[in-house]
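Please open the model in your viewer and keep the sequence panel beside it. The stops below say what to select and what can be found there.

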Amino acid sequence: MKRVAAFALCLLPVVVAVHAQDRLILSGGLVVDGSGSPPRRAGVAVRDGFVEAVGTIQPQPGDRVLDVSGKIVAPGFVDIHNHSRNGLLTEPSALSQISQGITTIVIGPDGSSPFPPADYLEQLGAKGTAVNTALLVGHGTIRSLILGDSYKRPATRAEIEAMSALVEAAMEQGAFGLSSGLEYDPGFYSATDELIALARAAARRGGIYMSHIRDEEEGFIDALQEAIEIGRQARLAVQISHLKLGNRRVWGRTAEVLDLIGRGRRQGVDVMADAYPYNAWASGLSILVPSREFDSAEAVR
């Protein structure tokens with residue numbers, strides 16, 4: 001894949017992509033480096049697609065100098081929950097991402113992913129995408145491969161072992177971890193023990209566990225605790241997808257959510273969460289009917 005420099009010029013119309021050529025110096029910008037340090041006025045030198053220096057930089061003959069006064073210079077952003085797996089193949093320039101300063105995306109969230117990963121990653125490599133891409137192997141995808149149409153039940157021990165082997169194979173092929181979508185079929189019917197086993201398979205290769213948890217409404221406490229427990233028992237980092245309180249009945253309970261995550265971290269589980277940058281969310285109607293009794297007026301009330 002082509003490399004782009006790991007920075008973004010916020011508030012500029014486009015992100016500047018730097019390829020292997022002369023050194024580029026960004027001069028006069030306000031550097032926000034992502035470390036938590038206060039913003040500072042500094043120059044940034046980039047060579048061969050990599051940041052070479054940050055600070056007071058004297059231009060040399062042959063350097064290309066770009067005055068970015070009044071702009072913010074920041075590392076490229078990571079979009080940790082991205083559904084562009086097909087879009088990257090048709091639009092490898094990823095203009096919608098790089099125009100926002102995103103230089104790395106994580107695909108395969110919510111338990112759904114390409115499989116096998118090697119085939120998909122080979123296609124991306126051939127396309128030469130503009131963004132770095134990390135792929136998660138989807139629990140739902142794996143579950144469908146092993147259980148087929150008979151997924152509305154807990155998996156057997158033999159099926160869990162078969163799924164674990166597929167997760168390990170995916171990790172060997174370049175997956176960064178395991179994702180789950182537990183409000184969706186077929187992950188909806190999985191037991192916690194199944195998820196722990198598959199997370200352990202990912203952990204053996206240094207992977208993470210990302211989860212659209214089992215309930216984002218009235219059952220959010222149990223769902224969050226389940227995700228944290230999976231991380232604790234499998235000994236891997238946990239990322240909670242699009243953290244939210246999904247309906248009016250649980251609004252105002254954000255402190256409980258943050259307390260659960262903080263408690264998990266204090267107990268040694270590397271658990272984090274991401275959130276939408278907007279005040280809306282979208283999904284299928286199935287998640288509003290946990291009983292799956294779609295023809296029951298009482299169930300859908």
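**Aromatic cluster**

Begin by selecting Y151, F188 and Y189, which ring pairs link into a cluster; rings of Phe, Tyr and Trp (its six-membered ring) pair if their centres lie within 6.5 Å, and planes under 30 degrees apart count as stacked, over 60 as edge-to-face and the rest as tilted. This is a predicted model, in which local features need pLDDT of at least 70 and side-chain atom pairs count only at pLDDT 80 or more, while totals for chains, interfaces and linings use all residues. Residues are numbered from 1 along each chain as its sequence is written, and side-chain values use heavy atoms, with hydrogens and water left out.

The structure holds three aromatic pairs. The pair of F188 and Y189 is edge-to-face because the ring centres are 5.0 Å apart and the planes stand at 80°. Select next Y276 and Y278, which form a stacked aromatic pair, 5.3 Å centre to centre with 15° between the planes.

Colouring by accessibility shows F188 as partly exposed, with a relative accessible area of 22%, and Y276 as partly exposed too, at 26%; buried means under 20% relative accessible area, exposed over 50% and partly exposed in between (1.4 Å probe, protein chains only).

**Helix α4**

Now select residues 139–147, helix α4, whose buried residues are H139, G140, T141, I142, R143 and L147. Helices (H or I, at least four residues) and strands (E, at least two) are DSSP runs, numbered from the N terminus. Just after α4, look at the backbone of G148, which takes a positive phi of about 60°.

**The loop at N247**

Which residues is N247 in contact with, leaving aside its neighbours within four places in sequence? Select N247 in the loop between β14 (238–240) and α8 (254–266), and then show E217 and E218, which are in contact with N247; contact means heavy atoms within 4.5 Å. N247 is buried, with a relative accessible area of 18%.

**The whole protein**

Buried residues make up 44% of the 301 residues. Of the contacts with a separation of 6 or more, 73% are between residues 24 or more positions apart.
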